[in-house]
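Work through the exercises below with the coordinates open. Try each task before reading its solution.

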Amino acid sequence: MATPVRERARIALSAARRRTLALADCLPDAELTEQHSPLMSPLVWDLAHIANQEDIWLIRRAGGRPGLRPDLDPLYDAFRHPRAERPGLPLLAPDQARRYLADVRDQALDILAAAPPPGHGFLFGMVAQHEQQHDETMLATHQLRRGPAVLDAPAPPAPDPGAPPLPAEVLVPGGPFTMGTSTDPWALDNERPAHTVEVPDFWLDTVPVTNAAYRQFVEDGGYEDPRWWHPAGWRHRQDAQLTAPGFWLRDGSVWLRRRFGHTEPVPPDEPVLHVNWYEADAYARWAGRRLPTEAEWEKAARHDPAAPAPRRHPWGEAAPGPAHANLGQRHLQPAPAGSYPDGAAPCGARQLLGDVWEWTASSFTGYPGFAAYPYREYSEVFFGDRYRVLRGGSFATDPVACRATFRNWDLPVRRQIFAGFRTCRDAPEDAGA
Ligand SMILES: [Fe+2]
């Protein structure tokens with residue numbers, strides 16, 4: 001493994017670890033072992049699971065060493081124990097979990113410094129991304145936790161008040177484009193291989209749907225009208241008694257929201273957050289529009305008609321910085337719609353990466369030529385109609401796990417995740433002429 005690759009892995013592993021510990025150290029032990037929602041693990045499970053995955057993939061697989069605690073593998077196997085039953089397991093106590101994390105990391109850095117056999121560089125990237133994904137899950141657990149606020153971060157910068165208003169939608173020109181990647185060193189199996197997809201012209205929202213726009217749907221009776229809802233979504237809306245996005249509370253004529261222990265007015269200009277796929281789909285139909293397919297989303301984010309190859313990020317190849325996107329838990333909320341002009345895509349769309357995950361119309365499937373790596377449970381077992389794809393990452397996603405080919409997936413009923421959406425429409429025949 002070349003030195004820059006090794007250095008990149010070391011930086012990514014350390015950044016993830018800082019965040020993991022910050023998300024745990026702000027709570028007393030009793031809150032780490034408690035389950036804050038049946039949807040989530042106790043945070044102490046995440047801690048030892050992160051260590052266990054690193055033990056399996058870096059110490060044993062990449063390092064060829066015996067491993068620190070192979071006896072813990074079954075306990076921390078996410079497939080063996082659904083989240084709801086994890087609090088009943090004989091889990092490591094918080095101090096033991098922290099010790100396991102530290103001991104595994106010492107050996108992993110040792111193995112990294114000694115240059116593991118070629119081909120194992122990917123495993124270090126995979127393990128760093130895995131920990132960062134758990135940092136996002138742990139932040140979602142914080143959002144579900146009741147009680148006083150323990151996390152704080154500055155608000156995202158306000159957009160330039162002198163900037164000209166943005167158009168409501170942008171045209172994404174039709175024609176073939178290259179979806180996925182065969183060359184990105186840390187791309188996961190489901191992002192591979194690169195393949196050509198024909199996407200006709202369409203008009204895409206310049207920015208994600210805002211709280212103000214979504215509030216119109218709520219106040220127009222959108223939640224009471226089955227016309228707008230997918231049949232399964234309408235049943236779920238009734239069973240779960242959904243009337244507004246997650247964490248919204250009505251106080252007379254004012255909408256408030258709960259955010260990491262703070263109760264505050266819903267900011268009208270922020271992208272809407274904590275809506276499930278059915279809510280996003282219903283809003284789009286009410287607005288006379290639709291959710292973009294995954295291919296449409298990726299084309300809007302990567303396709304540059306003037307360049308032969310697609311971009312890694314909407315703004316180009318530069319690594320995501322604070323001027324490009326709201327990522328990495330620097331801010332604990334989305335930035336106002338229209339922020340980050342330096343992060344715009346060639347089509348003019350803003351905030352495709354960061355702020356909120358965006359639901360797409362597509363189910364999660366393998367690309368043509370898909371090959372499972374390094375194990376089927378990474379992606380392949382989730383392929384099919386059950387899961388919908390989300391794109392773009394949120395304010396809670398680390399930049400290292402965020403690129404325009406990255407695919408996330410979840411059940412259409414889920415809304416504890418940091419997800420919103422944008423809508424689109426077909427372009428008429430003469431569009432772009
Ligand atoms: Fe995991």
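Predicted model: local features only at pLDDT ≥ 70, side-chain atom pairs only at ≥ 80, totals over all residues.

**Exercise 1. The annotated histidines**

Task: Find which residues the UniProt annotation "binding site" covers, and explain why they gather at one spot.

Solution: 
- Start from the record. The unreviewed UniProt entry places "binding site" on His 49, His 130 and His 134.
- Check the sequence span. The three cover 86 residues.
- Check space. No two of their C-alpha atoms are more than 10.2 Å apart, so the three gather at one spot despite that span.

**Exercise 2. Two of these histidines compared**

Task: Assign His 49 to its helix and His 130 to its own. Then decide for His 49: buried or exposed?

Solution: 
- Locate them. His 49 belongs to helix H3, residues 43–62. His 130 sits in helix H5, residues 121–144.
- Count for His 49. There are 24 C-beta neighbours inside 10 Å. The cut-off for buried is 20 or more, so His 49 counts as buried.
- Look for contacts beyond four places in sequence. His 49 touches Tyr 76 and Ala 78.

**Exercise 3. A helix pair**

Task: Describe how helix H7 and helix H8 pack, from axis geometry to the residues that meet.

Solution: 
- Two packed helices are described by the angle between their axes and the distance between the axes.
- Apply them. The axes of H7 (residues 231–239) and H8 (residues 277–286) come within 9 Å and cross at roughly 115°.
- The H7 and H8 crossing is left-handed.
- List the residues. From H7 come Gly 233, His 236 and Arg 237; from H8 come Tyr 278, Asp 281 and Ala 282.
- Sort them. The contact has two nonpolar, two polar and two charged residues.

**Exercise 4. A sheet and the helix on it**

Solution: 
- Inspect one pair. S1 and S4 (residues 202–205) share four bridges. Within S4, Trp 203 is the bridge partner of Leu 171.
- Eight of the nine residues of H9 (residues 294–302) are buried, so H9 is largely enclosed by the rest of the structure. Among the buried residues are Trp 297, Lys 299 and Arg 302.

Methods
Residues numbered from 1 in each chain as written. UniProt positions renumbered as here; feature names shortened; annotations may be inferred. Helix = DSSP H or I, 4+ residues; strand = E, 2+ residues; numbered from the N terminus. Buried ≥ 20, exposed ≤ 12 C-beta atoms within 10 Å, placed from the backbone. Contact = placed C-beta atoms within 7 Å. Axes fitted to C-alpha atoms, helices over the stretch in contact; angles between N-to-C directions. Left-handed = near helix turned anticlockwise from the far one by under 90°. Nonpolar A, V, L, I, M, F, W, Y, C, P; charged D, E, K, R; others polar. Pairing = 2+ DSSP bridges.
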